[in-house]
Amino acid sequence: MNGPLENIQASIIPLREQIINHKVYAVIENLEDLRIFMEYHVYAVWDFMSLLKSLQINLTCTNVPWFPVGSGSTRALINEIVAGEESDLDANGDKKSHFEMYLDAMQQCGANTAEITNFIESLKVNLNFEQAYEVANTPAEARSFVDYTFEIINSGEAHLQASTFTFGREDLIPNMFLTIVNDLNAKFPDQISLFKYYLDRHIEVDGDHHSHLALAMTSELCGENEAYWKAAEAATIESLKKRIELWDGAYNKICSIKKST
């Protein structure tokens, strides 16, 4: 890993530790708690895919007539990641995106998918984000999380999109959470098996091979431009803060329901 990448990694250690050790994991004790967590987390899974596609649009030609865009190296990196994230194998061996796999896991678990579905369907019919949030009754923390991601997307700056994608995304799964899911799966295999598969597959693909590809992509896009590296670091830090806020929202919702029952 080169110097600037190491600098970013070092600067975000405290925030990553806050996420990995977040109090939300300690309050997930049963299926109901897990369902609430998933109803928050699904927004991060969805906008991760949106960030990924924004990179593909920026780094490759997605229009016709076709013309070569950028370098062959970044095209190869992003196209390989997109192929894995958008058409992976689910638990049944069918090709699905990781987002669709997550929805399947939510449905099996009994989590509410109406909210995220209404949000996406509202965007499909050209409602703006604020209108879609209102239709779906999206939690404030999820709104803030998605808004920041789309601020990065709409910037059109590939180096910011790449750094946020690489350092601020889905590789922050603590062992404690995996143990909780494994324990719940042992008790309720007919309700947790798809979520366990999603997490296991995610760690296998995203946390290893795709992580290395994303690091290489970020390094190439920032290059020797010191301003790009500084901006990339700032964007990464903000994205991790938004992740902490999202987990705070899930924690507060779980705790409020526990108190009322």
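**Helix packing**

I began with α3 and α8, which pack at an angle of about 5° with their axes 10 Å apart. α3 and α8 are therefore roughly parallel to each other (angles under 35 degrees count as such). For the axes I used lines fitted to C-alpha atoms, for helices over the stretch in contact, with angles from 0 to 180 degrees between N-to-C directions. Helices are DSSP runs of H or I, at least four residues, numbered from the N terminus.

This is a predicted model, where local features need pLDDT of at least 70, side-chain atom pairs count only at pLDDT 80 or more, and totals for chains, interfaces and linings use all residues. Residues are numbered from 1 along each chain as its sequence is written, and side-chain values use heavy atoms, with hydrogens and water left out.

I then listed the contact (heavy atoms within 4.5 Å). From α3 it takes Y40, Y43, A44, W46, D47, S50, L51 and S54, and from α8 E141, A142, F145, V146, T149, F150, I152 and I153. By class, the contact of α3 with α8 has 11 nonpolar, 3 polar and 2 charged residues. I counted Ala, Val, Leu, Ile, Met, Phe, Trp, Tyr, Cys and Pro as nonpolar, Asp, Glu, Lys and Arg as charged, and the others, Gly among them, as polar.

Next I checked α9. Helix α8 (residues 140-155) packs on helix α9 (residues 158-167) at about 145°, with the axes 7 Å apart. The crossing of α8 and α9 is left-handed, that is, the near helix is turned anticlockwise from the far one by less than a right angle. I152, I153 and S155 of α8 meet L160, Q161 and T164 of α9. No charged residues take part there; I found 3 nonpolar and 3 polar.

α3 also meets α9: their axes come within 10 Å and cross at roughly 145°. That crossing is left-handed too. Among the residues making the contact are F48 and L55 of α3 and A162 and F165 of α9.

**Core**

Which residues have the most contacts inside the largest nonpolar core? They are L34, F99, F119, F165, F177, F195 and M217, in a core of 84 residues. Such a core is a set of buried Ala, Val, Leu, Ile, Met, Phe, Trp, Tyr and Cys residues joined through side-chain atoms within 4.5 Å. Helix α3 (residues 31-59) gives the most to this core, with 17 residues. Leaving aside neighbours within four places in sequence, L34 is in contact with I28, C109, F177, L184, I192 and F195.

**Single residues**

Buried means under 20%, exposed over 50%, and partly exposed in between (1.4 Å probe, protein chains only). V135 lies in helix α7 (residues 129-136) and is partly exposed at 48%.

**Backbone**

Most residues other than glycine have a negative phi, and most peptide bonds are trans. I looked for exceptions. The bond from V64 to P65 is cis, with omega near 0°. P65 sits in the loop between α3 and α4 (72-86). N126 has a positive phi, near 75°, and is exposed at 71%. N137 has a positive phi near 60°, in the loop between α7 and α8.

Conventions. Helix = DSSP H or I, 4+ residues; strand = E, 2+ residues; numbered from the N terminus. Parallel < 35°, antiparallel > 145°, perpendicular 65-115°, else oblique.
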